[in-house]
Structures are given as structure tokens and as C-alpha cells.
Amino acid sequence: MIQVSLSTSTNYEGEVNALVEDLGNALTVNFELDEPAPEGGLKVFVDSNVEQIVSRLDLPGFAFNPITENINPSLLGTSFDNSGFFLTIDEGATMGSFTIDVFDNVEPDTFLPETFDGLVEAEFSLIAPDAVEQEDLADVGTLGDYTINPDAASSTILFADEESQLMEMPEPPTPEPPTPEPPTSDLPLVSLNTGPDFLVEEEGTVSAHVFNVTNGTIPEEGLVVSVSAPGLGEFDLEAISVGDGGEIVEVREDGFDIRLTDFTVLVDLPVAADDEVEGLETTSFSLEAGDGYEVNSDFSSGGFSIADTANEIPAGAFTQLNDTLPLAIPVELNADNPTTTITDAIDFEIGNRYLNDDGTYTYIDVNEDVDFYSFDLAAGDVISFDLDSDSQRGEPPATVPSYQPNYGLGPYGAMRLFDTEGTELEADWQTQGPGELFTSYDGYLEFVAPENGTYYLGVSGALPGAPDRSVGILEADQFRYDP
């Protein structure tokens with residue numbers, strides 16, 4: 001298996017490895033492989049001990065002028081809390097590197113975390129493929145097969161606003177004898193996520209169950225995991241669908257056992273229609289302790305509410321599928337109701353999936369999620385859209401953009417406007433809206449309707465929503481959505 005080494009360096013002339021905003025210096029991150037990267041490249045993940053620290057790097061500048069060697073910049077993304085990054089080293093390469101400038105933000109910053117100001121010491125470390133934190137799985141995805149060089153597994157970087165702050169570094173404390181810690185288990189950690197929250201017997205709604213294995217290895221014969229399901233009789237067991245890497249080995253009245261041979265396994269289980277009027281019922285699925293694994297207490301169960309008909313479901317309870325023009329959510333605007341505010345998320349939800357012709361499901365992940373809205377305009381009507389991300393907290397919006405190149409989260413979103421044929425009419429992803437004097441990555445768009453008709457707005461992450469005019473510059477073809 002390939003062994004990976006990590007090292008970092010800055011062009012700061014002092015004795016420490018530092019990035020100083022006032023100096024505008026740069027960081028270079030290097031990877032060494034003891035053998036060539038395999039077909040398709042080697043995907044690795046580096047994380048730190050400081051949330052949002054990656055946002056102190058000039059990510060917007062890097063996106064438009066990347067400096068890399070044997071690394072595709074369009075495949076570089078950040079973790080859930082911007083504490084680390086993942087990337088792919090090119091096929092056949094034995095090294096890879098990228099260079100990025102420090103970001104000079106305004107101090108004091110009253111909206112962004114404390115890690116954006118002052119002197120911060122961050123230790124960046126290579127993360128093993130089976131040690132990715134649960135919250136990062138949706139963003140980081142599947143890593144390559146590699147081990148980590150214990151002598152080159154991490155590197156420390158100092159972030160400072162000005163050079164004088166580097167003098168504030170305290171003397172390292174005298175080490176004390178280590179306190180013995182209880183032994184930690186090296187058993188695999190199993191997690192379970194379920195969705196959607198509501199199932200309808202009349203419609204045969206299919207429940208989704210996602211099993212994840214982290215922090216360990218799966219035995220060659222697989223890992224048999226027990227699931228408690230007191231309401232299992234409410235489901236159509238004959239129609240169960242188990243994805244690659246999974247096999248049901250035993251079914252009981254109140255649960256089942258599943259053999260996992262892969263780190264992520266999807267199970268689709270339709271609710272059964274019993275032709276009885278029972279009203280709204282509830283049921284749950286929970287992981288049980290067993291031999292050879294531990295249960296992730298934070299992600300160990302999921303519940304469903306089961307209704308006879310859709311009329312029993314509270315309004316807005318379903319995950320609304322709106323990733324294509326025909327599924328756009330209509331927005332009513334007129335002289336009496338000229339404005340509206342919509343709050344939504346570009347994120348992964350188990351309920352956001354589409355049924356294929358062969359009975360399987362296509363799941364929409366955070367990079368593929370698009371929210372479409374439709375509205376009717378008369379010729380000459382003027383409509384405007386102001387995009388504000390929840391990641392830019394505070395009023396007015398934060399003055400410093402924290403661009404996240406995972407193209408799904410963060411304020412660097414994109415808006416594209418289409419006609420009924422799916423032709424892009426306008427697009428924007430970095431324009432200041434009214435009252436946003438310093439925000440340039442939050443999006444504002446105005447459009448004059450050329451004729452009467454229905455128009456569509458698509459809201460997505462940055463590269464999936466790259467405008468037609470920017471595709472060649474950003475090499476975004478592989479990410480862009482087709483409306």
C-alpha cells in the first residue's frame with residue numbers, strides 16, 4: 001500500500017513556519033509517495049486542530065489562479081468546519097504540492113470566529129482513510145488506499161496578522177510525565193442514518209438506511225451488525241434492496257442482522273400497505289451492540305412516522321425534490337406581493353433521492369444539490385435576487401468571504417436564471433447586493449423579462465452553478481448541473 005508523507009513550508013524569512021497577513025506571504029503544502037499514485041489518482045485528507053483555520057488562506061485567489069504540481073485544483077475541497085482539506089494526487093505521480101497565499105482579512109472581525117484574528121497555531125495532520133470524522137464524511141467522501149509515514153504525518157503553521165505577534169509565542173512548557181489513559185478500542189465504529197422522516201403506506205414510500213463504518217478495518221469475511229426494529233412488520237421485507245457491500249443474513253420479528261463488507265452501505269426498505277386505517281404511527285431502527293464492532297452513540301438510530309395517506313402528513317414535512325426544472329418550487333410574486341424570502345440549504349439529506357427505472361435510487365449529495373424556483377413574468381418586468389449564506393453570520397453580512405472550494409457549503413454560492421427550454425439567460429455568483437458594501441461572494445442578480453412567460457432560478461454551490469461564461473476559466477464542466 002502507498003505510504004504518504006506530509007510537509008509544509010512558508011516563504012517567511014524568520015525561523016518559524018509562519019503566515020503573516022501584513023506580509024502577504026505564501027504556504028506550500030507537499031506530499032511525497034513511496035510509489036506512484038494508482039489509476040485515477042490518490043485522494044488524501046489533511047485536517048487540523050483549529051476550526052475555520054483554512055479560511056485564513058486566500059481560497060478565492062487560489063480558485064482563479066491555482067499554483068499546483070501533480071494536483072488538480074478543481075478537486076481540492078475543504079472539510080465540514082473548514083479545519084482541513086482533501087485533494088487528489090495525479091495518477092502516476094510520486095509527489096504533489098500546492099502553493100496558496102495567506103488571506104489579509106480586516107481586523108477586528110466581529111462576525112467570523114476568533115481564529116480569523118491574532119496569533120493562531122495550527123497543526124495539520126494526514127488522516128487515515130478509515131479515520132475520517134462522521135461530520136466530514138459527506139464532504140470528504142471516499143479516500144484512496146494509503147498509509148501514513150509516522151515520521152512525516154503532521155506539520156505546524158503559525159498564522160498572524162502582523163509580524164510582531166510572532167514574538168508573543170510563549171516558551172514551551174516543561175513536559176510532565178504522561179498520565180496513563182485507559183486503552184481505547186481499535187474496533188470498527190458503526191453508524192446508522194435514516195430518512196425521510198415521514199412514510200406513506202398508500203404511496204409505498206421507501207425508507208433509506210445508511211450504514212457507515214469508520215475507525216477500523218472490516219474483516220475479510222465482513223462485519224455482522226445487529227439492528228433492533230420493533231416495527232419491522234410495518235415494512236415490505238420482500239421488496240428490500242441492499243446496496244453493494246451489504247447482505248441481510250437474518251430477519252427477526254423485531255430486527256435483523258446485516259453483513260457489511262464495505263464502509264458505506266445503503267438499504268432501501270418500502271413501507272407496507274396493510275389497507276387498515278391506523279392514523280399516524282411511529283417506528284424506529286437502532287444499532288445494537290455486538291461482537292467485533294462498537295456503536296457510534298451520536299448516530300445509532302433513526303425514526304419514522306408512518307401515515308395511511310399523504311393527507312395525514314404535516315405541511316412541509318417532506319423533503320421537496322426540486323433539482324430539475326419540472327420540479328421547481330413555484331413562487332408567487334405580484335403587485336400585492338412583490339417580495340419574498342426563502343430559507344433553504346445546499347446540503348446532503350437522505351430523503352433527497354430519485355427513483356431509477358430499475359428500482360434503485362440515485363442519491364443527491366452536497367455537490368449535486370440544486371434548488372430551483374419558478375415564477376411568471378410579463379415582458380418588461382424586473383426581478384432581482386439577493387443570495388445571503390447562513391455561513392456569513394451577522395448583520396450586515398460579513399465583510400470577508402470564506403470561500404469553501406468543496407463547492408457545496410459556504411457563502412460562495414451561485415445563481416443561474418433559465419427559460420422554459422433550460423437556456424441560461426443570466427448568472428451570478430459574486431456581486432454586491434444593496435447595502436452589501438464589502439461582500440463580493442454572496443451573489444446578487446437583476447433581470448428584465450424579454451417576454452411573457454415562466455422563468456426559473458437555480459441556486460447551488462459554486463462550481464456546480466458556474467455560469468456559461470466561466471466554465472472554460474474554472475474547468476467546471478465536470479461539476480456543472482444540467483437544468
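Trainee: How many residues does the largest nonpolar core have, and which of them have the most contacts inside it?

Mentor: The largest nonpolar core has 40 residues, and those with the most contacts inside it are Val4, Phe31, Phe85, Leu87, Phe98 and Phe124. This is a predicted model, in which local features need pLDDT of at least 70 and side-chain atom pairs count only at pLDDT 80 or more, while totals for chains, interfaces and linings use all residues. Residues are numbered from 1 along each chain as its sequence is written, and side-chain values use heavy atoms, with hydrogens and water left out.

Trainee: What makes a set of residues a nonpolar core?

Mentor: The name is given to a set of buried Ala, Val, Leu, Ile, Met, Phe, Trp, Tyr and Cys residues joined through side-chain atoms within 4.5 Å, where buried means under 20% relative accessible area, exposed means over 50%, and partly exposed lies in between, with a 1.4 Å probe and protein chains only. In soluble globular proteins, nonpolar side chains tend to be buried together.

Trainee: Which elements give two or more residues to this core?

Mentor: Among them are strand E1 (2–10), strand E3 (26–33), helix H1 (59–64) and strand E9 (120–127), and E9 gives the largest share, five residues. Such elements are DSSP runs numbered from the N terminus, helices being H or I with at least four residues and strands being E with at least two.

Trainee: What makes a space inside the protein a cavity, and how many of 30 Å³ or more does the structure hold?

Mentor: A cavity is a set of points, on a 1 Å grid over the protein atoms alone, where a 1.4 Å probe fits but cannot get out, and its lining residues have an atom within 4 Å of a point.

Trainee: Which residues line the largest cavity, and of what class are they?

Mentor: The lining consists of Val54, Leu57, Leu59, Leu76, Phe85, Phe98 and Ile100. By class it has seven nonpolar, no polar and no charged residues, where Ala, Val, Leu, Ile, Met, Phe, Trp, Tyr, Cys and Pro count as nonpolar, Asp, Glu, Lys and Arg as charged, and the others, Gly among them, as polar.

Trainee: How do you know whether Ala466 is buried or exposed?

Mentor: Its relative accessibility is 0%, so Ala466 counts as buried. Ala466 is placed in the loop between strand E31 (453–461) and helix H3 (471–474), and although Ala466 and Arg480 are 14 residues apart in sequence, their C-alpha atoms are 6.5 Å apart in space.

Trainee: What makes E31 a mostly covered strand?

Mentor: Seven of the nine residues of E31 are buried. Strand E26 (residues 370–377) runs antiparallel to E31 and is joined to it by eight bridges, with Phe372 and Gly458 as bridge partners. Strand E28 (residues 413–418) also pairs with E31 in the antiparallel sense, over six bridges.

Trainee: How many bridges join E17 to E18, and which residue stands opposite Glu247?

Mentor: Six bridges join E17 to strand E18 (residues 255–260), and the two run antiparallel. Opposite Glu247 stands Arg259 in E18, and a hairpin through two residues joins E17 to E18.

Methods: 1 Å grid on protein atoms, 1.4 Å probe; cavity = no way out; pocket = protein on both sides within 12 Å on 5 of 7 lines; lining within 4 Å. Pairing = 2+ DSSP bridges.
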